[in-house]
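Biologist: I'm new to this one. Could you walk me through how to read it, feature by feature?

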Amino acid sequence: MINDKKVLFSGMQATGNLTIGNYLGALKNWITLSDEYECFYSVVDMHSITVRQNPAELRKRARKLLQIYIAAGLDPEKNCIYYQSHVSGHAELAWILNCFTYMGELNRMTQFKDKSAKHADNINAGLFTYPVLMAADILLYQADVVPVGIDQMQHLELTRDLAERFNNIYGDVFTVPEAYIGKVGAKIMSLQDPSKKMSKSDENPNASIYLMDDADTVARKCKRAVTDSEGVILYRDEQPGVKNLLDIYRACTGKSVEEVLKEFEGQGYGVLKTAVTESVNSVLQPLQARVAELEKDKGYVDSIIKNNAEKAQYYSNKTLRKVQKKIGFPERIR
């Protein structure tokens, strides 16, 4: 607990291009959490290298992601927004936790199996121990809560197990984190296959709306979005494409299901797609304009990177030094 507030940790990978789904499902909600929690929002660039990256591209994407955090409305004075790779404690604690993690636990991780299938030519140890680094990310800041999607719940359960295992041996060292259960962000599905989530790594460029897409690109993608042959706008699972468009529209406008159904009653899919286009662009254009401002203000962004790395290092060191002492590492001579 910091400043009498509970601590919240979350982060996004500096790979691919963020989608409107990432914004509406997660990033938008982060902004509302900073009043209630002491928030650490990381650009998790260390996680990114389990898959081979172009170094120049990774640096560029990491900086862009940090700028998007700020442009979306996260106050860097109020929230600790930092690069994971700038805080050595993540790697140091991950190694220690590796020594408390059982092979059988990591073998059960479904994400490892999924990613191994996608990257069969590069099944590296980092991919296998990825959940331990994620546990270190969370435990390093004594996070009370972690907003996670269903795909990350298994990793959070491992984090809780590791915290409890360590505490049982060495006493009360780690806060055992809980999943953040609050206002659920919109779950945005693929525009081309509404049975699966919109993804920043989708091979079909028309399946996802990216945060940096211009207005014409957004219009084109919405126009090509999959609907059905029923020709009626209802909010039901039997019409997943229409339901997804309504979800995007609702999340962008703040309207309820009842309000949007009334608005589009008797209308065709073309009218719906035009309205979705306009609502998405009304969200993206201010964000893109703010990113453009930040790109020009190098000194300001650099100061945020430096100051927040120092803040993250300070809080992470408090945990790390305690852990190192508990397990018997020699004291550092100052």
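Modeller: We'll take the helices, then the cores, then a few single residues. This is a predicted model, so local features need pLDDT of at least 70, side-chain atom pairs count only at pLDDT 80 or more, and totals for chains, interfaces and linings use all residues. Residues are numbered from 1 along each chain as its sequence is written, and side-chain values use heavy atoms, with hydrogens and water left out.

Biologist: Fine. How far does helix 1 reach, and how many residues does it have?

Modeller: Helices here are DSSP runs (H or I, at least four residues), strands are too (E, at least two), and both are numbered from the N terminus. The expected span of a helix is 1.5 Å times one less than its number of residues. Helix 1, residues 20-33, has 14 residues and reaches 19 Å from its first C-alpha to its last, close to the expected 20 Å.

Biologist: Where does helix 1 bend?

Modeller: A bend at a residue is the angle between axes fitted to the seven residues ending there and the seven starting there. Helix 1 bends by about 30° at A26. There's also a kink of about 30° in helix 13, centred on N317. Helix 13 covers residues 298-327, and its 30 residues reach 42 Å, close to the 44 Å expected.

Biologist: Which residues of helix 1 are buried, and what covers them?

Modeller: Buried means under 20% relative accessible area, exposed over 50%, and partly exposed in between (1.4 Å probe, protein chains only). An α-helix has 3.6 residues a turn, so residues three or four places apart point the same way. In helix 1, the buried residues include I20, Y23, L24, L27 and W30. Their cover includes strand 1 (6-12), strand 2 (37-43), helix 3 (55-71), helix 10 (240-253) and helix 12 (269-296).

Biologist: What caps the N-terminal end of helix 1?

Modeller: T19 does, with a side-chain oxygen 3.1 Å from the backbone nitrogen of G21. For polar contacts, look for a pair of N or O atoms within 3.5 Å; within protein, one must be able to donate a hydrogen and the other to accept it, and residues adjacent in sequence count only if both atoms are side-chain atoms. Helix 3 has a cap as well: a side-chain oxygen of N54 lies 3.1 Å from the backbone nitrogen of A56. Just after helix 3, G73 takes a positive phi of about 120°.

Biologist: Which residues touch the most other members of the largest nonpolar core?

Modeller: Nonpolar side chains tend to be buried together in soluble globular proteins. A nonpolar core is a set of buried Ala, Val, Leu, Ile, Met, Phe, Trp, Tyr and Cys residues joined through side-chain atoms within 4.5 Å. The largest one has 59 residues, and I20, Y23, L27, Y69 and V280 touch the most other members. Its largest share, 10 residues, comes from helix 12. Apart from that core lies another, of 36 residues, among them F40, Y82, L106 and V146.

Biologist: And what does S279 touch?

Modeller: Contact means heavy atoms within 4.5 Å. Not counting residues up to four places away in sequence, S279 touches Y249, C252 and T253. S279 sits in helix 12 and is buried, at a relative accessible area of 5%. A polar atom of its side chain lies 2.9 Å from the backbone oxygen of V276.

Biologist: How many disulfides are there?

Modeller: A disulfide is a pair of cysteine sulfur atoms within 2.5 Å. The search of the whole structure finds 0. Take C222: the nearest cysteine sulfur, that of C252, is 9.0 Å away. C222 is buried, with a relative accessible area of 1%.

Biologist: What is the phi of Q142 near?

Modeller: Most residues other than glycine have a negative phi. For Q142, phi is near 55°, a positive value in a residue other than glycine. Q142 is in the loop between helix 7 (125-139) and strand 4 (145-146), and is buried at 15% relative accessible area.
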